[in-house]
Amino acid sequence: MSKTTKMTTAQAIVKFLDNQYVSMDGAETKFVESFFTIFGHGIAVGLGEALDTDPGSLKVLQGRNEQGMCHTAIAYAKQNNRRKIIPCASSVGPGAANMVTACATATVNNIPLLVFPADTFASRQPDPVLQQLEQSNSLATTTNDAFKPVCKYWDRVSRPEMVMTALINAMRVLTDPAETGACCISLPQDVEGEAFDFPDYFFKKRVHRITRPVAVPEELDDLVSIIKDAKKPLIIVGGGVRYSEAGETVEKFCAEFKIPFGESQGGKSACKSSDPYCLGGIGVTGTYASNVIARDADVVIAIGSRLSDFTTSSKHLFQNPDVQFVTINNCRYHAYKMDAVKAVGDAKVTVEALSEKLRYINYQSAYTNEIVDAKAKWDAEMKHLGSIEYTGDDFEPMIKARDPRTVPEFVKLTDGKITQTAALYAIREVIDENATLITAGGSLPSCLQRMWTTDKRGGYHAEYGYSCMGYEVAATLGVKFAEPEDEVYTVVGDSSFQMLHSEIMTIMQERQKVNILIFDNCGFGCINNLEMTHGIGSLATEFRYTDGKKPCGDLIPVDYAKIGDGYGLKTYTCKTIAELKAALEDAKKQEIACLFDLKVIPKTMTDGYESWWNVGQAQVSGKESVVEAWEEVKKAREEARVY
């Protein structure tokens, strides 16, 4: 018989995780190096005992908000190209529920996240325990059942020996490029402390191989049959190119066959921005260059993309009546999108195999000067966006649909003279070339997908699959953990900062130098734009005092620098571009985290560029502006592809 060791369920979890490795392209990486937790009564004396008594080589991290610590773990896994994770554990009830949003974020973005929410007693003897959710229709239902729809793998360990198959199956999913996402192992708090004679072979070093399956020849031939006749093909570079580390391969492919490429939010920085075939972001938040080329493309080649509504401009972007779609994706589900001709396989090796077949038939696109012309027009627009300055009472911001009070009131209240596009342009000018930029929901990802340039692979880190506001500050810590030698910057809107910035305290605790740039425009600027361009008034999207029925009074100023001061950060208040540049230069000399309070004039973000977004517009209304907007939406829906 094999040797066994008597230990608790929680102790077995810690020992198992400390012995997990992944291998890709011959490089072996320790998969788990840290454990994030917020101790509550559900795990403090179970999992807490295991991490205190014998954590092995695992470092213990202390979170402040369960969603926030999971966001840090997601960012860490993403920046490590999914080869490292930080498991996260919470107490029962509200602590567990706080992780649900983060699990959805991980699953939508195909990022590995392992969570251990404590659960109610398997024995049911002390029920109802503190924080227990009771459902009269089933005593088996707990808060942790809420994880099922947002996780790729879910399990509840109601006996100690069950943890073995639970952990092995979690590893199966976490290390599968096609199916990875959030994995939830629910831990009844009595079972955490129960002991079992675990076989020693369960704790052996395990190396999970991340392989590169190439698409089968028949599927590659299917792709060639479409591409060979393409005069104006276009590639969409998705997140799969980044995780496959196929950026250079795609660049060579585009150069050889003279095919331009646009980038999704997830795919941006997989390839170099300076590449002559790079058109920048594509779709709703895309550049003029990408979107005008996409409009006329006869074949669209989506590599590693989920083809979300923002990437395809709600399926309206591609206006060539004969356009055809082909996909390369390691996930068969995503490969089927847009009714495409598909090749299922790893991006890098499948693109290389496709290159051989196209080379054999001497394929070349028929572009002449279209790519150069489109890029030149966008370059000129970039310079314009970077030069927009506040000119006083005659200032006319980019976004025309607005409350006429907003801009003059904001300038008078804050003395802020910064425009959003000029701020982003200045940040790019000042910070180091090897810095990494983080962003998430709101108007900032829209501007950044258009305006941000970097030749650092992985230097642009956006969470836009779930567009989860509140991701940014926590993610900055995760990226810094992954890249301790490089400067890390997050640009975060004031509304998103207000939603979740709890991990600032963890940043200080871990003594990490990060840079948090808050764009304060007194509101949810992105959604205010959406409201007003669709005929609705400025309703509950600006930070205004209430009149008793709705928030429509004066703007409410906030001093974000004081918040940073309270945590001990080095802080800067910036009201002009000159002050911003000076602050960024000074921050490079600092050894502690820095927070920048930027007073950014509302309505000074980018807009449009040949794109459209399908939203649930009211079809009837008492407001003429809403009716007019519905007619525009109706027309665009008729022009979009049905599926």
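1. Lys84 counts as buried, because its relative accessibility is 19%; buried here means under 20% relative accessible area, exposed over 50%, and partly exposed in between (1.4 Å probe, protein chains only). The model is a predicted one, in which local features need pLDDT of at least 70 and side-chain atom pairs count only at pLDDT 80 or more, while totals for chains, interfaces and linings use all residues. Residues are numbered from 1 along each chain as its sequence is written, and side-chain values use heavy atoms, with hydrogens and water left out.

2. Lys84 forms a salt bridge with Glu33 at 3.5 Å, N to O; a salt bridge is a side-chain nitrogen of Lys or Arg within 4 Å of a carboxyl oxygen of Asp or Glu. Lys84 lies in the loop between α3 (66-79) and β6 (88-90) and Glu33 in the loop between β3 (27-30) and β4 (34-37), so the bridge ties together parts 51 residues apart in sequence. Helices (H or I, at least four residues) and strands (E, at least two) are DSSP runs numbered from the N terminus. Glu33 counts as partly exposed, at 32% relative accessibility.

3. A salt bridge of 2.7 Å, N to O, joins the side chains of Lys59 and Glu510. Since Lys59 is in strand β5 (residues 59-62) and Glu510 is in the loop between α21 (504-509) and β21 (515-520), the pair ties together parts that are 451 residues apart in sequence. Lys59 counts as partly exposed at 40% relative accessibility, whereas Glu510 is buried at 16% relative accessible area.

4. Lys456 and Asp486 also form a salt bridge, with their closest N and O atoms 3.0 Å apart. Both residues are buried. Across the whole structure, 37 salt bridges are found, and one network of them links Asp119, Asp145, Lys148 and Arg156.

5. The largest nonpolar core has 64 residues, of which Ile227, Ile235, Ile303, Phe318 and Leu354 touch the most other members. Such a core is a set of buried Ala, Val, Leu, Ile, Met, Phe, Trp, Tyr and Cys residues joined through side-chain atoms within 4.5 Å. Leaving aside neighbours within four places in sequence, Ile303 is in contact (heavy atoms within 4.5 Å) with residues including Ile235, Val250, Ile328 and Val351. A second, separate core of 49 residues includes Leu113, Cys151, Ala440 and Val514.
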